[in-house]
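Me: I would like to go through this model by question and answer, with the cut-offs stated as each term comes up.

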Amino acid sequence: MADFLSQYSIQRWLEMCPQGYLEDTVYGHAEGGSEPPELLDNEVLLESSIATTVQLIAGERCALAASSGLVNLAPDFASKRFLATQTLDEARHVEIFTQRLFDLGVAKEDLESTVDRYANPNLVRFAEILLEKVSDGDFIAGVVGQNIVLEGMAFTVFELLEATSRDLNPKFAQTLSGTIADERRHVGFGENRIGSLISEHPEKRGEIERMQQEMSYYMLATFADVFSDSGESVEEGRRVANDLAAERGGDPGDAAWHGADLGSASVEEIEGVLADTVLGEFRSRLGRIGIEYQSPSVPA
Amino acid sequence: MTGTSQVHQTLETDREVADDDRRTFVLDETGFKEVPKRWRRFYRHWQGEGDSLGPNEVICPVCKVVIRSTREFRPGDRVYCMPCMSRMVVVRRDDGTLEAEVTY
């Protein structure tokens, strides 16, 4: 155990993150990178991008509140050190996604009203369930909720967004790549630290399983809301991609993600693949640390 | 897509490697920047559909990066994933392929 915990050092984080994949970046992307004019000049795509970015900010604000709260709950200093680095990671995510809202034309004085307008209420409830565990002082449930459920969802959602942005919006894709790299450490900590703690506290399993089931329900409800409103923007994005490809004398490519052709799959298919992928990951990750995955009820 | 090139066994001088008949590989950097520079050649990003694993590669089940070794993997090998700081052991699945199982 001592060797395992000794990996969580500030020096290692510095070498991997600021001196590694974030070196020479500005707000998570290459200096001079910008949102594509095809997005900024298109009302449908612009509003869709603002709405998507607000969900990312809402999720990251929750992660920042949870990880900072968990620092003082951690039972050992190695975990406190790791959670301190995670707190800075999450604060950076809040900052870079907020900066993206500004890059999309949202005025600074309109930030909070924009977040209030677009933040999905089911995502807010998802966050509240986690933050209740943290404010109750429950370290194990807090880390499972934060580093396995929330981060596991973010990891997969960011991968999907990165795959859809790679060709048309390399600035946003690079921003997402850096957050995905951060999430690797976070899910790793969640599994590795809780994998040992849960065996010492088997009485926690039932409560954690109920929390996972409830958070999963609100996650699926968020997906349902977001995808039910996204048909027009998905079609518009494909039209723009086709036009751009024609201008360049090529084709828009065949971005595939977990078996779905992102260039032709219906919105319902993409939502289904995303939900199945995230829930499958929950099942695998929880199973590895001795917690039984609980299927959530399906939102109406 | 493995980014590796095989090296003739006789070039290998490491005693541990010489103890068995494993193939050895020279690892090239693939642009993976999520670990300190001296370790970067031991990892690469999984490219999704169309990608495949070499005999010296396994996927980390926790963070999904490809972990690479200078030697062919065998069941029982211990593996460390630096990007997510997980420790694993290589096992053989029923279909004959190798995968990494996390140890806590």
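**The interface and the sheets of chain B**

Reply: Across the interface of chain B and chain A, ten residue pairs are in polar contact, with both residues at pLDDT 80 or more; a polar contact is a pair of N or O atoms within 3.5 Å, where within protein one must be able to donate a hydrogen and the other to accept it, and residues adjacent in sequence count only if both atoms are side-chain atoms. This is a predicted model, in which local features need pLDDT of at least 70, side-chain atom pairs count only at pLDDT 80 or more, and totals for chains, interfaces and linings use all residues. Residues are numbered from 1 along each chain as its sequence is written, chains are lettered from A and ligands numbered from 1 in the order in which they are written, and side-chain values use heavy atoms, with hydrogens and water left out.

Me: What is the area buried between chain B and chain A?
Reply: Contact is taken as heavy atoms within 4.5 Å, and on that basis 23 residues of chain B are in contact with 27 residues of chain A. Buried area is the accessible area (1.4 Å probe) that two parts lose on being put together, summed over both. Carbon and sulfur atoms give 51% of the area buried between the two chains, which is about 2,100 Å².

Me: Which residues in chain B lose the most area to chain A?
Reply: On the side of chain B, three residues together account for 34% of what that side buries. They are Glu34(B), Met85(B) and Tyr104(B).

Me: Which residue of chain A meets the side chain of Glu34(B) in a salt bridge?
Reply: A salt bridge is a side-chain nitrogen of Lys or Arg within 4 Å of a carboxyl oxygen of Asp or Glu, and the rule finds three of them across the interface of chain B and chain A. In one of these, N to O is 2.6 Å, and the partner of Glu34(B) is Arg184(A).

Me: Why is one side of strand 6 and of strand 8 of chain B left without a neighbour in the sheet?
Reply: Strands are DSSP runs (E, at least two residues), numbered from the N terminus, and two of them pair if DSSP finds at least two bridges between them. Three strands of chain B form an open antiparallel sheet in the order 6-7-8. Strand 6 (78-81) and strand 8 (98-103) stand at the edges, so the reason is that each has a single partner strand.

Me: Which residue stands opposite Met88(B) in strand 8 of chain B?
Reply: Strand 7 (residues 86-92) of chain B runs antiparallel to strand 8 of chain B, and six bridges join the two. Within strand 8, the bridge partner of Arg92(B) is Leu98(B), while the residue opposite Met88(B) is Val102(B).

Me: Which residue in the turn between strand 6 and strand 7 of chain B has a positive phi?
Reply: These two strands pair in the antiparallel sense over four bridges, and Tyr80(B) stands opposite Arg87(B) in strand 7. Their hairpin has four residues between the strands, and the residue with a positive phi, of about 60°, is Met85(B).

Me: What is the bridge partner of Arg44(B) in strand 5 of chain B?
Reply: Another open sheet of three strands in chain B has the order 3-5-4, with antiparallel pairing. Strand 3 and strand 5 (residues 66-68) pair over two bridges, and the partner of Arg44(B) is Val66(B).
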